Amino acid sequence: MIHFENVGLRYGMGPEILRDMTFDIPKRSFQFLTGPSGAGKTTLLRLLFMSLNPTRGIIRMFGRDLSQIPRDEFPMLRRRVGIVFQDFRLLDHLTTYENVALPLRVRGKDEASYRNDVIDLLKWVGLGERINVLPAILSGGEKQRAAIARALMDRPEILLADEPTGNVDPPMARRLLSLFLELNRLGTAVVIATHDLALMDQVDARRMILTDGRLDIYE
Ligand SMILES: Nc1ncnc2c1ncn2[C@@H]1O[C@H](COP(=O)(O)OP(=O)(O)OP(=O)(O)O)[C@@H](O)[C@H]1O
């Protein structure tokens with residue numbers, strides 16, 4: 001589904017942060033992306049989300065070489081990838097429901113066409129009782145689940161999550177992990193960037209480990 005070949009990335013004139021990355025992310029796969037702070041996990045997620053271009057190498061997403069795709073086709077391709085940012089990026093003045101529905105509203109969709117889907121998705125992530133509240137009164141775990149629901153609105157083929165358990169206690173981390181595993185069982189590929197060894201130890205999953213700009217994969 002995703003293929004990287006000799007991909008390298010540097011910011012501006014700085015050093016190469018990621019080097020010689022060659023790997024695949026198969027359909028329906030589940031993996032952790034880990035490595036020390038500053039190793040480049042967020043940078044790699046940004047490459048996977050197509051919000052950053054590699055400085056060298058080839059990236060194929062869904063069978064297409066990104067360097068050959070016109071810029072105006074990127075938004076359509078990006079809808080096939082869901083992302084949950086480290087800082088959630090929920091808008092403070094919108095309710096949980098409105099935050100999750102926002103991408104569809106922005107695209108000019110009629111609310112009647114998505115209202116039930118948004119509510120079902122919020123129930124699925126366990127926010128059925130929090131649909132009409134503002135982010136300020138949500139807990140860290142609830143905000144994380146709202147951000148997950150928003151990332152799933154377009155039924156992406158792959159979900160990327162950046163430190164999804166960074167701001168929650170261990171029981172909530174386990175609940176979030178169950179949610180990602182359930183999503184994966186339903187057919188979505190999942191990449192979780194994390195430092196959390198205890199979280200990784202709960203699942204026998206593929207580990208992509210970044211060290212000094214290079215990637216090792218343990219199947
Ligand atoms: N926009 C940028 N411009 C220049 N350098 C950057 C930029 N973003 C990240 N970097 C540098 O790239 C390196 C990798 O950063 P990145 O955020 O990808 O690491 P990370 O593994 O996600 O770290 P953490 O676990 O602390 O979140 C760091 O040295 C960082 O300072």
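Strands β4 (residues 56-61) and β5 run antiparallel and are joined by 2 bridges. The bridge partner of Arg60 is Asp65 in β5. This is a predicted model.

**Four-strand sheet**
- β4 and β5 belong to an open sheet of 4 strands with the order β2-β1-β4-β5. Its pairing is antiparallel.
- β2 (16-25) and β5 (64-65) are the edge strands. Each has a single partner strand, so one side of each is left without a neighbour in the sheet.
- Helix α1 packs on this sheet. The helix touches β1 (2-10), β2 and β4. The direction of α1 makes about 125° with that of β1.

**Six-strand sheet**
- A further open sheet is formed by 6 strands. Their order is β6-β7-β8-β3-β9-β10, and the pairing is mixed.
- At the edges stand β6 (81-84) and β10 (214-218). Each of these pairs on one side only.
- From one strand to the next, the twist averages 15°.
- Which sense of pairing links β9 and β10? Strand β9 (residues 206-211) pairs with β10 in the antiparallel sense, over 5 bridges.
- Thr211 has Arg214, in β10, as its bridge partner.
- Helix α5 (residues 140-152) lies across β6 and β7 (158-162). The helix runs at about 165° to β6.

**Ligand shell**
- Which residues surround the ligand? Tyr11, Gly14 and Ile17 are among them.
- Which helix gives the largest share of the shell? Helix α1 (residues 41-48) does, with 3 residues.
- By class, the shell has 7 polar residues, 3 nonpolar residues and 1 charged residue.

**Domain record**
- UniProt lists residues 2-217 as "domain: ABC transporter". The entry is unreviewed.
- In the model, the end C-alpha atoms of residues 2-217 lie 15 Å apart.
- The span is 33% helix and 26% strand.

Conventions. Residues are numbered from 1 along each chain as its sequence is written. This is a predicted model: local features need pLDDT of at least 70, side-chain atom pairs count only at pLDDT 80 or more; totals for chains, interfaces and linings use all residues. A residue is near a molecule or strand if its C-beta atom, placed from the backbone, lies within 6 Å of it. Ala, Val, Leu, Ile, Met, Phe, Trp, Tyr, Cys and Pro count as nonpolar, Asp, Glu, Lys and Arg as charged, and the others, Gly among them, as polar. UniProt positions are given in the numbering used here, feature names are shortened, and annotations may be inferred rather than shown by experiment. Two strands pair if DSSP finds at least two bridges between them. Axes are lines fitted to C-alpha atoms, for helices over the stretch in contact, and angles run from 0 to 180 degrees between N-to-C directions. Two residues are in contact if their C-beta atoms, placed from the backbone, lie within 7 Å.
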